[in-house]
Amino acid sequence: MSSILRIEDLKANYGGIEALKGISFDVEEGAIITLIGANGAGKSTTLRAISSLVAASSGAIEYRGEDITGMDTRLIVERGLVMVPEGRRVFPNLTTLENLKIGAYLRKDEKGIEEDIEAVYALFPRLKERHWQMAGTLSGGEQQMLAVGRAMMSKPKLLMMDEPSLGLAPLVVKDIFDTILKLNAEGMTILLVEQNANAALRIAHYGYVLETGLCTLEGTGAELLGNSRVREAYLGRTKAERQSER
């Protein structure tokens with residue numbers, strides 16, 4: 001498997017603070033890669049820097065062998081590197097269908113757009129049921145489905161997802177993670193930023209732990225799930241586990 005995305009010694013400032021202090025990691029094509037860490041660790045800044053929504057102060061971002069560091073966001077999306085933002089960011093005063101069409105704003109192939117709308121509806125039947133409903137009146141879970149569907153309309157090669165489970169009920173979270181697995185099974189490469197480390201590591205092929213702007217640990221999803229330091233910090237070890245280690 002080859003790398004579709006390579007980050008080398010990336011540094012970036014956000015809100016006057018050095019949010020990334022020189023991180024490096026690879027995203028293998030066809031894999032689910034997750035970045036976990038506490039609030040303020042630099043996870044979301046990493047995705048925003050890759051998308052040029054936050055300027056990199058140094059380092060390199062290489063996508064499919066091309067240096068895209070500082071490239072215009074529109075050109076990055078055209079190359080197939082697409083983000084589902086934290087907080088969903090749907091357009092509340094537009095319908096579900098209009099939101100999906102906005103995801104295809106760079107495309108001219110009308111027949112292909114219609115086919116992809118139907119593909120999104122097949123993935124999320126609830127969106128088809130509510131295609132004329134204003135996006136602002138959808139539930140949180142439906143808005144997250146819409147945010148993913150809108151991103152899919154850009155025909156991504158690599159889908160970056162920023163905290164897709166944030167604020168959602170456990171059953172809805174399960175549906176979202178099932179969708180991530182389904183997309184990956186169909187060949188989609190996914191870079192997942194997620195505070196729910198347990199759920200993220202259970203589906204990830206490989207993961208990186210970010211702490212205050214640095215990658216401090218890495219390994220397969222299974223390795224990180226079994227790592228005592230990760231369990232202590234992010235997975236909430238049980239009292240019995242703590243006692244057994246004394």
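Figure 1. A residue is called buried with under 20% relative accessible area, exposed with over 50%, and partly exposed in between. Asp9 has a relative accessible area of 42%, so Asp9 is partly exposed. This view, like those that follow, is taken from a predicted model. Asp9 belongs to strand β1, and its phi is positive, near 50 degrees, although the residue is not glycine. Most residues other than glycine have a negative phi. Thr212 also has a positive phi without being glycine, with a value near 40 degrees. Thr212 sits in the loop between β9 (206-211) and β10. The relative accessibility of Thr212 is 53%, so Thr212 counts as exposed.

Figure 2. Four strands make up an open sheet in the order β2-β1-β4-β5, and their pairing is antiparallel. The edges of the sheet are formed by β2 and β5 (66-67), each of which pairs on one side only. Strands of a sheet pair through backbone hydrogen bonds, either parallel or antiparallel. Between β1 and strand β4 (residues 56-63), which run antiparallel, there are 6 bridges. Lys11 has Ser58 of β4 as its bridge partner. Helix α1 (residues 43-50) packs on this sheet and touches β1, β2 and β4. The direction of α1 makes about 70 degrees with that of β2.

**Figure 3. The salt bridge between Arg6 and Asp26.** Side chains of opposite charge can pair when their charged atoms come close. In the salt bridge of Arg6 with Asp26, the N to O distance is 3.0 Å. Arg6 is partly exposed, with a relative accessible area of 32%. Asp26 is partly exposed as well, at 21%.

**Figure 4. The salt bridge between Arg74 and Glu78 in helix α2.** The closest N and O atoms of this salt bridge are 3.7 Å apart. Both residues belong to helix α2 (residues 73-78), with a separation of 4 residues, about one turn of the helix. Arg74 has a relative accessible area of 44% and is partly exposed. Glu78 is likewise partly exposed, with a value of 46%.

**Figure 5. The salt-bridge network around Arg107.** Salt bridges link Arg107, Asp109, Asp116 and Lys155 in a network. Arg107 and Asp116 form a salt bridge with an N to O distance of 2.8 Å. Both of these residues are buried. The model has 15 salt bridges in total.

Figure 6. Helix α6 (residues 140-152) has 13 residues, which at 1.5 Å a residue should span 18 Å. The end C-alpha atoms of α6 are 18 Å apart, in agreement with this value. Of the 13 residues of α6, 12 are buried, so the helix is largely enclosed by the rest of the structure. Among the buried residues are Glu142, Gln143, Met145, Leu146, Val148 and Arg150. The helices against which the buried residues of α6 pack include α3 (96-102), α4 (110-123), α5 (125-129) and α7 (170-185). Strands β6 (81-84) and β7 (158-162) are also packed against by these residues.

Figure 7. The 16 residues of α7 reach 23 Å from the first C-alpha to the last, close to the expected 22 Å. Val173, Ile176, Phe177, Thr179, Ile180, Leu183 and Asn184 are the buried residues of α7. These residues cover an arc of only 150 degrees around the axis, so they lie on the same side of α7. Leu171, Lys174 and Ala185 are exposed on the other side. The buried residues of α7 pack against elements that include β3 (32-36), α4, α6 and β7. Further packing partners are β8 (189-193) and α8 (197-203). Gly187 follows α7 and has a positive phi, near 110 degrees.

**Figure 8. Thr216 and its contacts.** Thr216 is located in strand β10 (residues 214-220). Its relative accessibility is 29%, so Thr216 counts as partly exposed. Beyond residues up to four places away in sequence, Thr216 touches Val209, Glu211 and Arg229. Thr216 and Ile23 are 193 residues apart along the chain, and their C-alpha atoms are separated by 9.2 Å.

How values were computed:
Residues are numbered from 1 along each chain as its sequence is written. This is a predicted model: local features need pLDDT of at least 70, side-chain atom pairs count only at pLDDT 80 or more; totals for chains, interfaces and linings use all residues. Side-chain values use heavy atoms; hydrogens and water are left out. A salt bridge is a side-chain nitrogen of Lys or Arg within 4 Å of a carboxyl oxygen of Asp or Glu. Buried means under 20% relative accessible area, exposed over 50%, partly exposed in between (1.4 Å probe, protein chains only). Helices (H or I, at least four residues) and strands (E, at least two) are DSSP runs, numbered from the N terminus. Contact means heavy atoms within 4.5 Å. Two strands pair if DSSP finds at least two bridges between them. Axes are lines fitted to C-alpha atoms, for helices over the stretch in contact, and angles run from 0 to 180 degrees between N-to-C directions. The expected span of a helix is 1.5 Å times one less than its number of residues. The arc is that of the directions from the helix axis to the C-beta atoms.
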